[in-house]
Amino acid sequence: MQSGNLFSDAASPQVGERFDTILTHKNLVIERIISSAVIAPQEYIQTQDEWVLLIQGEAELRVNGTLVSLHKGDYVFLPAAVPHIVERTVDGTVWLAIHLHN
């Protein structure tokens, strides 16, 4: 058994984002991502599908050229090989990312 609390040790970094692996099981990886308000937009093109849920805060993603605004409770599915960029976040934004590897 594994248990924990998503908000334990959830202080945001001064710059960028922090990625914490919560669970790895077979082809599944679950991460908690904590964002600061100071991020350098970086393009991601991943080999796995990813589903992300914004737990708290606000963010803007550019997914395959389209700007997507996210607020608390919003989620988005990012298929493998689809380019995406985190354009903006507010300090203390918390994400739950579920990666599905083939």
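Ala, Val, Leu, Ile, Met, Phe, Trp, Tyr, Cys and Pro count here as nonpolar, Asp, Glu, Lys and Arg as charged, and the others, Gly among them, as polar. The structure is a predicted model, in which local features need pLDDT of at least 70 and side-chain atom pairs count only at pLDDT 80 or more, while totals for chains, interfaces and linings use all residues. Residues are numbered from 1 along each chain as its sequence is written, and side-chain values use heavy atoms, with hydrogens and water left out.

Strands of a sheet pair through backbone hydrogen bonds, either parallel or antiparallel. Two strands are taken as paired if DSSP finds at least two bridges between them. Strand 1, residues 17–25, runs antiparallel to strand 2 and is joined to it by eight bridges, with R18 having I34 as its bridge partner in strand 2. These two strands form a hairpin with two residues between them, and K26 in the turn has a positive phi of about 50 degrees.

Strand 2, residues 28–35, also pairs with strand 9 in the antiparallel sense, again over eight bridges, and there R32 has L96 as its bridge partner. Seven of the eight residues of strand 2 are buried, and six of the eight residues of strand 9 are buried, so strand 9 is largely enclosed by the rest of the structure.

Another four strands form an open, antiparallel sheet in the order 3-8-5-6. Strand 3 (43–44) and strand 6 (66–71) stand at its edges with a single partner strand each, so one side of each is left without a neighbour in the sheet. Within this sheet, strand 5 (residues 58–63) and strand 8 are paired antiparallel over five bridges, and V63 stands opposite H84 in strand 8. Strand 8 also holds E87, a residue that is partly exposed, with a relative accessible area of 28%. If contact means heavy atoms within 4.5 Å, E87 touches I39, P41, E60, L61, R62 and L67, leaving aside residues up to four places away in sequence. E87 and Q42 are 45 residues apart in sequence, yet 8.1 Å separates them in space, C-alpha to C-alpha.

A search of the whole structure for aromatic pairs finds one. Rings of Phe, Tyr and Trp (its six-membered ring) pair if their centres lie within 6.5 Å, and planes under 30 degrees apart count as stacked, over 60 as edge-to-face and the rest as tilted. The rings of W51 and Y75 have centres 5.3 Å apart and planes at 35 degrees, so this pair is tilted. W51 belongs to strand 4 and Y75 to strand 7 (residues 75–78), so the pair ties together parts that are 24 residues apart in sequence. W51 is partly exposed, at a relative accessible area of 27%, whereas Y75 is exposed, at 55%.

Open space remains to be described. On a 1 Å grid over the protein atoms alone, a cavity is a set of points where a 1.4 Å probe fits but cannot get out, whereas a pocket is an open set with protein on both sides within 12 Å along at least five of seven lines, and lining residues have an atom within 4 Å of a point. Grid points are joined across faces, edges and corners, and a volume is the space filled by probe spheres set on the points. The largest pocket holds about 220 Å³, and its lining divides into three nonpolar, six polar and two charged residues. The second largest pocket holds about 180 Å³; of the 14 residues that line it, F19, I33, E50, H84 and V86 are the closest to its centre. The lining of this second pocket has eight nonpolar, three polar and three charged residues.

Terms used
Buried < 20%, exposed > 50% of the residue type's maximum accessible area, 1.4 Å probe, protein only.
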